[in-house]
Amino acid sequence: MIRLAILSISLLTVMSGAAVAPAVADIIAYFPNSSDMLGKMVLTTPALTIIPVALVTGLLSSRISRKHLVYTGIFFYILGGAGGGLATSIPFLLSMRAVLGIGVGILMPLSTGIIADIWSGEEKARTMGLASAASNLGGFIAMLLSGLLAAVSWRASFLIYLLGIAVWVLIFFFLPENRPTAIVKSNSTKGAGQLVSYIRWGIGMFLLMIAFYSIPVNIAIYLQNHHIGDSRMAGAAMAVMTAASFLTGLAYGNLKTVLRGWLPSLSLAVFAISYYGLSAFPSVLPLFCCLMLNGMAFGILVPSIMDGVTKTAEHTSGTAGTSVVTSFLFAGQFASPLIMSETSALIFGPGISNIYLTLAFGAGLTGALAFVLRITASKRV
């Protein structure tokens, strides 16, 4: 039950901001005097508070009980999430979304940091994979239920955030009180080296999210441009990709045991194939096959990065490293549309297919580099 309680935190994290996406059109229509851009900011505003709060959480985790921090995060999650459904104006609604971001900014680094504090080795890697799967499952459930509730009223869609109450109950009964252990003081050189390592993993997560978010941001327009389907098709495609990530996350521990150091280069190769397929074969069957491959690669790369950064957090809370990576994660989500549009326009020209072609080359080159590094490391052993 301890593992279930910890994994339940992941249900509330990555897709929390986008959970009410099905209701955005109704929200914009309900506040006709506000601009469409302000309405769309309902989805992006949480990231503005998630990034700084995640960094602060990394510092607090070595001074305050992680269980108390989780309580605090869930309180802000429910207050800001469900409170949005009571909004009488767009500014009030956006302020509630910022409060939601505070909750997610606390919970996100703890969802993996606590795992690193309790388990080690292959057991930690396996639980990281399960946390990634739980995060994808949470996104799938939230999007599905939110869509059903939005059919009743846009205000009802915000009830999805009451899921935090169930998580609070699990944490209350099953997460052991875990006072921060004494921090072994390290010299400034070692501390600086550790921070550089955190940032290195964070850049990896930033680039991964820039690539991954190019799909949810563009998929509906991609389908429309190629006359493949409508918004329902986009929803089904996203569901297939999320399901693939969920299932791969469940198998991550076994995959890491079997493939070990070859797993990153292999998953990057799969990532490259998925983007090339989206660019070169715009039709229904290749679309679903490519999104399935993309979800599988994503389900491997996220726990790989989280597992990697916690290995560098010697003598400190596991949350210290994951808080830095979490900040880069949400920065990547925020920057994805702008960076990919500009980069692909410079290399191959404008258009969504060229965005995916750019990502195919980028993932392929990165995978080849990881493959060479792995061979070099093998020869040294």
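**Salt bridges and a pocket**

Author: Glu 123 and Arg 3 join their side chains in a salt bridge, 2.8 Å from N to O. The term means a side-chain nitrogen of Lys or Arg within 4 Å of a carboxyl oxygen of Asp or Glu. Glu 123 is in helix 6 (residues 121-150) and Arg 3 in helix 1 (residues 2-10), 120 residues apart. This is a predicted model, where local features need pLDDT of at least 70, side-chain atom pairs count only at pLDDT 80 or more, and totals for chains, interfaces and linings use all residues. Numbering runs from 1 along each chain as its sequence is written, and side-chain values use heavy atoms, with hydrogens and water left out.

Reader: How many salt bridges does the structure hold?
Author: Two. In the other, Asp 307 pairs with Lys 256, with the closest N and O atoms 3.8 Å apart.

Reader: Is Asp 307 buried or exposed?
Author: Asp 307 is buried, at 2% relative accessible area, whereas Lys 256 is partly exposed at 25%. Buried is under 20%, exposed over 50%, partly exposed in between, with a 1.4 Å probe and protein chains only.

Reader: Switching topic: what lines the second largest pocket?
Author: Its lining has 46 residues, and those nearest the centre are Trp 201, Pro 264, Leu 268, Leu 301 and Ala 370. A pocket is an open set of points on a 1 Å grid over the protein atoms alone, where a 1.4 Å probe fits, with protein on both sides within 12 Å along at least five of seven lines; lining residues have an atom within 4 Å of a point.

Reader: Which helix gives the most to that lining?
Author: Helix 15, with 12 residues.

Note on methods
Helices (H or I, at least four residues) and strands (E, at least two) are DSSP runs, numbered from the N terminus.
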